[in-house]
Amino acid sequence: MVAHTLILWLVSVGLGAAEIWFPPDAEVIDVVIDVVRDLGIDNTGQSDVTEPLAKLYREAGRQLQVIYFPKGTYLVSGMIQGKHDQSRKGSSHSHGPWLIGESRTETVIRLADGTWPEDSFPAGTIDTQALPKRIDERAVLHTGDCTNTTFNQVIRNLTVNTGRNNAGATGIVFIASNTGSLAEVDIVSEDGQGSVGLALCGTENGPAQVRDLRVRGFRRGMYAASHYFMTVSRVTIEDATEWGILNRGDLLLEDLRMTVAPGAGGLANCSRWADLAALGLKIVGAAPQRGAIENEGRVYLREVRTEGFAQALSNRPHRKLADKTPPAPAGASIDAYASQPASALFGEPGQALDVPRVYPSYPSWDADPDHWDNPVRHKTPDGSWSDALRASLAATGKTHLVIPFGQKVSVRGAFTLGGDYRRVVGTLGQVVPEDDDTTLVIADGSAPVVVLEGISCPTIVIDTDRTVILDSVRPR
């Protein structure tokens, strides 16, 4: 019996903190190489690229595209906001686009100093009803409409910097309907005066995932108001001066590390309708008169550790929740606490499972074009896609296989992934089975970890004891 290690990120797009590279035939849009002549986008940080970048983002929102940002600084003086085709609402189409940086720290979208110097909110405000109105006007990067058409949004492996003298600026407004991810991203306010780092706004936002995020130097690290549950995993919030996180929606929070300035609040679950499930929190501040987590709604907390606060949790439940809310545990730590009775779909509620959290190390991206293969290279006028894909999988000395943008590879039969391959990446291409018996078998190979990501593919059979990561993979 083979012992499998299988990691599933259901709605994320998983990459390590490494540089990302695509071969020319991946059919991604390179904003420097492909559109600089037409749109005037450069990455020197010396030219304002707001208008051409915003145009590219709006137009790409009408069809699913991958936009690739090489290393450099992209200077903007206004909001870069997606725009989605309302005529496709209710259809099965995904909209995108995907924004992918070459380097998490060296691909920077930076707001010009003094663009939005005035913060619209009184110091320390928890008026979360008013926040979205201002946030939507002053964000550096905004994924677009919240009309349940903002599907398949991806932002990854880059930095958004709100610059200096921009007290009204939000780093990113991330809205994704049903699927999408923001992963391996830094959001920075250079002078510590930015308004909000990450905003998860919109009544139709989610489900989607935020993963491996660092937010530094904002008055409010994160504002969340999603009512279809956003999963936020592995987040670091540093030096928030008013609030670390304000939540008035449905939030699943895992492995948070937060530091806030003296007197600042930690995490506020600040609405009767706010639902927070949080696991593995570390909150450090200097506010001895308040709780690190201030709760007005419903919470489930596990593995909470705090420093510098009166206690870990302070409950101020709405009157309609007060009778069902047990007292908050005393002390700076919480092993487990639920503000509402447990329920179960079938039978009696059981005990919570202490399942270990496993974060695999992703293999590095190969920047040698000779180490990539693509079934398009093997397709002949008289040959089938099945033959082309088998030729790719049998190629020697290859570590990465790409299914390029816009390509629909229709195949039949069993296909085996082994050899030196460590990543199969779809830049929004598809491997489509022609019958129910078509399978992709992950077999033994030289790489200890193999990743399939961003791809539609046949039924997957794992026949190896190495680690397999399925990341934004949709079986067809």
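**Figure 1. The largest cavity in this predicted model has a volume of about 110 Å³.** The model is a prediction. In total, five cavities of 30 Å³ or more are counted. The residues that line the largest cavity are L389, L393, L401, I403, F415, L417, V424, V431, L440, I455, C457 and P458. Two or more lining residues come from each of helix 6, strand 24, strand 26 and strand 30 (449–457). Sorted by class, the lining consists of 12 nonpolar residues, with no polar and no charged ones. Rolling a probe the size of a water molecule over the atoms shows where empty space is left.

**Figure 2. Helix 6 spans residues 385–394 and has both buried and exposed residues.** W385, S386, A388, L389, S392 and L393 are its buried residues. Viewed down the helix axis, these buried residues fall within an arc of 165°, so they line one face of helix 6. On the other side of the helix, D387 and A394 are exposed. The cover over the buried residues includes helix 5 (375–378) and strand 23 (372–373). Strand 24 (400–403), strand 25 (408–411), strand 26 (414–419) and strand 28 (430–433) are also among the elements that cover them. Two of the buried residues, L389 and L393, also line the largest cavity.

**Figure 3. The largest nonpolar core has 82 residues.** Within this core, the residues with the most contacts are I172, F174, L198, L200, L213 and L301. Strand 20 (residues 275–295) gives the most to the core, contributing seven residues. Another core, of 24 residues, lies apart from it and includes W385, Y421, V424 and L452. In soluble globular proteins, nonpolar side chains tend to be buried together.

**Figure 4. I172 is shown with the residues that it touches.** Leaving out residues up to four places away in sequence, I172 is in contact with L141, I155, V160, L182, V185, I187, G197, L198 and A199. One of these, L198, is listed with I172 among the residues with the most contacts inside the largest nonpolar core.

**Figure 5. L75 belongs to strand 5 (residues 72–76).** L75 has a relative accessible area of 17% and is therefore buried, the cut-off being under 20%. When residues up to four places away in sequence are not counted, L75 touches G45, S47, D48, V49, T50, R110, L111 and A112. L75 and S47, one of these contacts, are 28 residues apart in sequence, while their C-alpha atoms are 6.4 Å apart in space.

Notes
Residues are numbered from 1 along each chain as its sequence is written. This is a predicted model: local features need pLDDT of at least 70, side-chain atom pairs count only at pLDDT 80 or more; totals for chains, interfaces and linings use all residues. Side-chain values use heavy atoms; hydrogens and water are left out. Buried means under 20% relative accessible area, exposed over 50%, partly exposed in between (1.4 Å probe, protein chains only). Helices (H or I, at least four residues) and strands (E, at least two) are DSSP runs, numbered from the N terminus. The arc is that of the directions from the helix axis to the C-beta atoms. Contact means heavy atoms within 4.5 Å. On a 1 Å grid over the protein atoms alone, a cavity is a set of points where a 1.4 Å probe fits but cannot get out, and a pocket is an open set with protein on both sides within 12 Å along at least five of seven lines; lining residues have an atom within 4 Å of a point. Grid points are joined across faces, edges and corners, and a volume is the space filled by probe spheres set on the points. Ala, Val, Leu, Ile, Met, Phe, Trp, Tyr, Cys and Pro count as nonpolar, Asp, Glu, Lys and Arg as charged, and the others, Gly among them, as polar. A nonpolar core is a set of buried Ala, Val, Leu, Ile, Met, Phe, Trp, Tyr and Cys residues joined through side-chain atoms within 4.5 Å.
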